[in-house]
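I opened my notebook to look up a few things in this structure. Here is what I jotted down, entry by entry.

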Amino acid sequence: MKFTLFCQNPYAFGIMEPIMQVLKEKNYEYLWFLTPNLSGKFPFAKEPHTFDLEELTAFESDAIICPGNEVPHYLRGVKVQIFHGLAGEKKGHFRIRHYFDLYLTQGPYFTRRFNRLKRRHRNFEVIETGWPKLDIYGKDADKYREEKQQLLESHAASKVLLYAPTFSPSLTSAPFLLKEMERLAENKEYLVVIKFHDLMAAETITQYKELAATKENILFEEEPNIIKYLLMADLMISDTSSVVYEFLLLDKPVITFRNNSEKILWDDQKEYSGLAERVAANLEKDEFRQERQTVIEEYHPYNDGRSAERMVEAIEGYIAENGVPERRRLPFLRRRKMNRMFKRKKKRFRK
């Protein structure tokens with residue numbers, strides 16, 4: 001069986017690495033496909049990969065696995081959506097774009113919603129598997145414990161605080177919390193790690209880098225995979241970012257600013273003030289511990305580290321029952337969008 005790991009953004013690497021490991025164990029052939037914006041960012045340079053869509057077409061996949069929202073309809077293979085986050089309240093998370101044959105969901109909350117959409121559209125299947133990015137939670141949650149201890153000792157600190165806001169201009173807290181972060185860093189017991197999304201505004205990135213340069217206990221990190229810092233942090237500060245749910249699943253406290261979730265089960269503040277006080281209160285009392293259990297049960301109840309394995313098995317089962325499609329049927333405007341987005345050559349155009 002042949003698989004394509006289809007990447008359009010750096011966050012896809014951490015999501016699909018566990019799947020790659022399962023494919024290796026099963027001796028399946030696989031190919032990473034990378035869009036041009038990922039040139040120089042691919043962390044697995046020795047693994048089979050291509051930037052060439054024609055090469056991918058010639059590969060003739062049995063399944064194409066995508067954490068993103070688009071995939072060319074004309075490629076051979078079952079188109080599989082595995083998602084790039086856990087924030088169901090974000091615009092577009094439950095939008096059916098008709099590119100995918102199979103949706104592999106993270107937990108009951110997502111499964112229920114997609115099953116309702118399946119009954120309406122009737123052109124895809126839904127299977128709950130868990131999310132592979134979080135397999136490390138079940139397999140190696142202590143992976144960075146030593147590194148964390150060394151960081152704390154080198155900065156004479158006792159707690160790691162992670163600031164990981166969204167990049168979305170209408171939702172991000174970053175422009176409004178700069179002074180609050182400076183004030184927070186006055187407490188030398190805290191080591192503040194700042195981790196921004198790749199699409200964060202350049203001006204905001206510059207401001208926080210300048211702040212980090214003046215404060216010994218503020219680190220601005222640019223490593224693509226945020227999982228390392230989720231595992232190391234004792235508390236996270238954010239806003240309406242899907243990474244909030246990833247951190248809550250570790251059963252640790254979160255503080256957000258103006259989060260727009262329908263049901264908020266953590267400490268959310270409506271004003272961009274009082275950060276230092278909220279951090280101290282959450283570290284001392286952790287008043288939302290019970291509420292976090294609801295998030296774990298609904299969003300991702302799997303703690304066995306085997307979601308990637310379940311995903312591959314789900315794809316195997318789907319193909320055994322339905323076969324491998326040569327292409328995905330789409331309305332004309334969707335086909336045209338894919339042809340333009342992925343610069344399909346006219347000589348290969350088919351209606």
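This is a predicted model: local features need pLDDT of at least 70, side-chain atom pairs count only at pLDDT 80 or more; totals for chains, interfaces and linings use all residues.

**Entry 1**

Which residues lie closest to its centre? I found Gly14, Glu17, Pro18, Ile136 and Lys143, out of 23 residues that line the pocket.

Next I looked up which elements give two or more residues to this lining, and they are α1 (11-25) and α4 (135-139). The largest share comes from α1, with seven residues. Sorting the lining by class, I wrote down 11 nonpolar, nine charged and three polar residues.

**Entry 1: aromatic pairs**

I then turned to the rings, and the count came to 27 aromatic pairs. I picked out Phe13 and Trp32 as one to look at.

**Entry 2: a second pair**

My next stop was Tyr245 and Trp266, which also form an edge-to-face pair. I noted 5.6 Å from centre to centre and 85° between the planes. Here too the pair links distant parts of the chain, with the partners 21 residues apart. Tyr245 is in helix α9 (residues 243-248), while Trp266 is in the loop between β12 (254-257) and β13 (267-269).

Are these two buried or exposed? Tyr245 has a relative accessible area of 2%, so it is buried. Trp266 comes out at 3% relative accessibility, and therefore counts as buried. The cut-off I used for buried is under 20%.

**Entry 3: a cluster of rings**

I followed the ring pairs onward and found that they link a set of residues into a cluster. Among its members are Tyr245 and Trp266 from my last entry, along with Phe83, Phe94, Phe100 and Tyr299.

**Entry 4: charges over rings**

Last, I looked for charges that sit over rings. The charged end of Arg113 sits over the ring of Phe94, 3.9 Å from its centre, and Phe94 is one of the cluster residues. I also noted Lys2, which lies over the face of Phe59 at 4.6 Å from the ring centre.

How values were computed: Residues are numbered from 1 along each chain as its sequence is written. Side-chain values use heavy atoms; hydrogens and water are left out. On a 1 Å grid over the protein atoms alone, a cavity is a set of points where a 1.4 Å probe fits but cannot get out, and a pocket is an open set with protein on both sides within 12 Å along at least five of seven lines; lining residues have an atom within 4 Å of a point. Helices (H or I, at least four residues) and strands (E, at least two) are DSSP runs, numbered from the N terminus. Ala, Val, Leu, Ile, Met, Phe, Trp, Tyr, Cys and Pro count as nonpolar, Asp, Glu, Lys and Arg as charged, and the others, Gly among them, as polar. Rings of Phe, Tyr and Trp (its six-membered ring) pair if their centres lie within 6.5 Å; planes under 30 degrees apart count as stacked, over 60 as edge-to-face and the rest as tilted. Buried means under 20% relative accessible area, exposed over 50%, partly exposed in between (1.4 Å probe, protein chains only). A charge sits over a ring if NZ of Lys or CZ of Arg is within 6 Å of the ring centre and within 35 degrees of the ring normal.
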